[in-house]
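Please open the model in a viewer and keep a selection tool at hand. The stops below concern ring pairs and backbone geometry.

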Amino acid sequence: MKRTWMGASLALASVGLLVGPLQSAEAATPKIKVHYIDVGQGDAIYIKMPSGEDIVMDGGNKGKGDALVAYLKKQKVGDIEMLISTHPDADHIGGLDEVLDSFKVKSVYAPKVKHTTQAYKDFLLAVKREKLTIKTAKVGVSLPVKGVKAQFVGPVKDYANSDLNNWSAVLHVAYKKNTFLFTGDAELKSEQDMIAKKKTLRADVLKVGHHGAKTSTSATFLKYVKPKYAVISVGKNAYGHPTNEVVTNLKRAKATMLRTDKSGTIVFEGNGSSYTIKKSK
């Protein structure tokens, strides 16, 4: 019996020697984490870069700021290297003033278009309180992130002030083989302009434009993006989002659809080659 116990112990020790270093190597692998936060009908995204930078993109509607701040604190966010407002619509910019008031933010990016809503004014006042200036989000502008290529691929041109959705800052992120495209509310006109500009649009994970409205996510656009996953940030709404047209386009593109109204907050974790996906519901 003694010999058998010793044999088993030696075997376990050998296994331990093999498993330990593998677990350490796995834990040490830098990862990118993208949180598509459930804020109802609106967009709010948090990205933890492999080298540690924190990026917040959009803040949901007015009244969602508290929940967004609480979520970020739960993720142990200390400060925010880059905050992005894709465009001034209230369901994207509404909670960003509370984020600015709650965290030290180093840089703010937004497209060069104005709006007259109180949500937009509150955002500008919060930026001013923090003594920051807004850097223009437009095609060709890169974010200073170590080991990751993060570049705006839209907007590629100026649109009418009333055409706010097409002003959306569109960000492409590539960490080794993990690729993401964040489209804000960019519509067909912007999609066509990005294709004509021959920007890199291919991405494994697409944040579907404008909550699945039929004015975005054309079949032609999807041929360039070729998404494996399509995340729709959507809540209860009277607009019919996501529309049958977009759902059909995504099915034909063979993209796996994920919706925040059905799955809650959705988190993609990438190690540079593959992904794990977590849902809160």
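In this predicted model, begin by selecting tyrosine 229, which is partly exposed at a relative accessible area of 21%. Tyrosine 229 belongs to strand S11 (residues 229–232) and tyrosine 275 to strand S14 (residues 275–279), so the contact ties together parts 46 residues apart in sequence.

Another of them is formed by tyrosine 159 and tryptophan 167, edge-to-face at 6.3 Å centre to centre and 80° between the planes. Tyrosine 159 is buried at 11% relative accessibility, and tryptophan 167 is buried at 5%.

Turn now to the backbone. Most peptide bonds are trans, and most residues other than glycine have a negative phi. Select glycine 154 and proline 155: a cis peptide bond with omega of about 0° joins them. Proline 155 sits in the loop between strand S7 (149–154) and strand S8 (170–175). A cis bond also joins histidine 241 and proline 242, with omega of about -5°; proline 242 is in the loop between S11 and helix H8 (244–252).

Finally, select lysine 131, whose phi is positive, near 55°. This lysine 131 lies between helix H5 (118–129) and strand S6 (134–136), in a loop, and is exposed at 76%. Histidine 211 has a positive phi near 60°, yet histidine 211 counts as buried at 1% relative accessibility.

Conventions. Residues numbered from 1 in each chain as written. Predicted model: local features only at pLDDT ≥ 70, side-chain atom pairs only at ≥ 80, totals over all residues. Heavy atoms only, no water. Phe/Tyr/Trp six-rings, centres within 6.5 Å; stacked < 30°, edge-to-face > 60°. Buried < 20%, exposed > 50% of the residue type's maximum accessible area, 1.4 Å probe, protein only. Helix = DSSP H or I, 4+ residues; strand = E, 2+ residues; numbered from the N terminus.
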